[in-house]
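I opened a new notebook page for this protein.

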Amino acid sequence: MCQGQKDTKECWKQLYDMVLACGNENNPKSFAIQVLTQLKELCGFDEALVYFLDVNGKVQSQYLLDVKESYSDIYLKYYANIEGKQFSCFRKIDENPCQTNFHFRDWNHEDSKEFIPDFIHPRGISCSCGFAFYDAKGRYRMIFALDWMKRNSCRKEKLRLLTLLLPQLNNLAKNFYYEGPKQAFNNYRLWAEHALTRREMEVIELLCQGISPANVSRALHISASTTNKHIAHIYEKMNVSSQQELLVRLLNQV
């Protein structure tokens, strides 16, 4: 990685400057662009893309760097879902604060019936590196993919620096998704007036973040039918018939 005391100091300074530059950005898109700018200098990739996800794991928007929009559309609509989602960037990998989650692929040594020969090789991609940034609740919010056209231009020693850099950038990314104190929905008056159970309060909190019932089930580790029962009880107790009405009712009680 870095050889000698002088090189080590230069490496640490480079990483510090990168984190500092990214930390000066004030929204997810400009932050992601700055991350790519810094990594371009560090790793020298040829193409890159970023997907921005909502709380339900759906792509809200994207940023493409020298990648044709048609390629991204084809990937999202088709290739992300074939071959058992083996090559999907949306495969859930839980955040581990003690380990950097980035994945390197040498496409010349990967096997695929369709994805690699029909999508990767025609684009001229030799190797790729992918990683994600999470919010405070461990949900994907930004997914990055870096592509190199020539294998020898992807220097492994530079990629190893990502093990030091990405955890710092991930911590910065979390700040964009901080939800603040739950002063409106998680208080004694709401619980007492409507005789809500503790679990129903947890369901309400997630629903009011815009999270779908299916993802409420995943977040609370309960079945879909149990979630639906909780929602039905909440609607009955609060005299509403939809998630939107629930939110309006809660806001009026602040």
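**Entry 1: overall build**

How many helices and strands does the protein have? I find 11 helices and 5 strands. Helices here are DSSP runs of H or I with at least four residues, strands are E runs of at least two, and both are numbered from the N terminus.

I note the ground rules. This is a predicted model, where local features need pLDDT of at least 70 and side-chain atom pairs count only at pLDDT 80 or more, while totals for chains, interfaces and linings use all residues. Residues are numbered from 1 along each chain as its sequence is written, and side-chain values use heavy atoms, with hydrogens and water left out.

Next I looked up burial. Of the 254 residues of the protein, 41% count as buried. Buried means under 20% relative accessible area, exposed means over 50%, and partly exposed lies in between (1.4 Å probe, protein chains only).

I also looked up contacts, meaning heavy atoms within 4.5 Å. Among contacts between residues at least 6 apart in sequence, 61% join residues at least 24 apart.

**Entry 2: salt bridges**

Side chains of opposite charge can pair when their charged atoms come close. I counted a salt bridge where a side-chain nitrogen of Lys or Arg is within 4 Å of a carboxyl oxygen of Asp or Glu. The count comes to 9 salt bridges.

I took Lys13 and Asp17 to begin with. Their side chains meet in a salt bridge at 2.9 Å, N to O. Where do Lys13 and Asp17 sit in helix α1? They are 4 residues apart in that helix (residues 4-23), so about one helical turn separates them. Lys13 is exposed at 52% relative accessible area. Asp17 is partly exposed at 33%.

Then I looked up Arg123 and Asp147. Their closest N and O atoms are 3.8 Å apart, and the two form a salt bridge. Arg123 lies in helix α4 (residues 115-123) and Asp147 in strand β5 (residues 140-148), so the pair ties together parts that are 24 residues apart in sequence. Is Arg123 buried or exposed? Arg123 is buried, with a relative accessible area of 14%. Asp147 is buried too, at 7%. Glu47 joins Arg123 and Asp147 in a network of salt bridges.

Arg139 is buried at 14% relative accessible area, and Asp135 is buried at 1%.

**Entry 3: pockets**

Rolling a probe the size of a water molecule over the atoms shows where empty space is left. The search ran on a 1 Å grid over the protein atoms alone with a 1.4 Å probe; a pocket is an open set of points with protein on both sides within 12 Å along at least five of seven lines, and lining residues have an atom within 4 Å of a point. Grid points are joined across faces, edges and corners, and a volume is the space filled by probe spheres set on the points.

The largest pocket has a volume of about 870 Å³. Which residues lie nearest its centre? They are Asn56, Gly57, Lys92, Asn215 and Arg218, out of 25 lining residues. Helix α9 (residues 213-220) gives the largest share of this lining, 4 residues. By class I noted 9 nonpolar, 6 polar and 10 charged residues. Ala, Val, Leu, Ile, Met, Phe, Trp, Tyr, Cys and Pro count as nonpolar, Asp, Glu, Lys and Arg as charged, and the others, Gly among them, as polar.

The second largest pocket holds about 670 Å³ of space. It is lined by 34 residues, with Phe87, Cys89, Gly130, Phe144 and Ala145 nearest its centre. Its lining has 23 nonpolar, 7 polar and 4 charged residues.

**Entry 4: cores**

A nonpolar core is a set of buried Ala, Val, Leu, Ile, Met, Phe, Trp, Tyr and Cys residues joined through side-chain atoms within 4.5 Å. The largest has 31 residues, and Leu39, Phe133, Met142, Phe144 and Trp148 touch the most other members. Helix α2 gives this core its largest share, 7 residues.

I followed Leu39. Beyond its neighbours within four places in sequence, Leu39 is in contact with Gly44, Phe45, Phe131, Leu146, Leu162 and Leu165. A second, separate core of 19 residues includes Ile204, Leu207, Val240 and Leu246.
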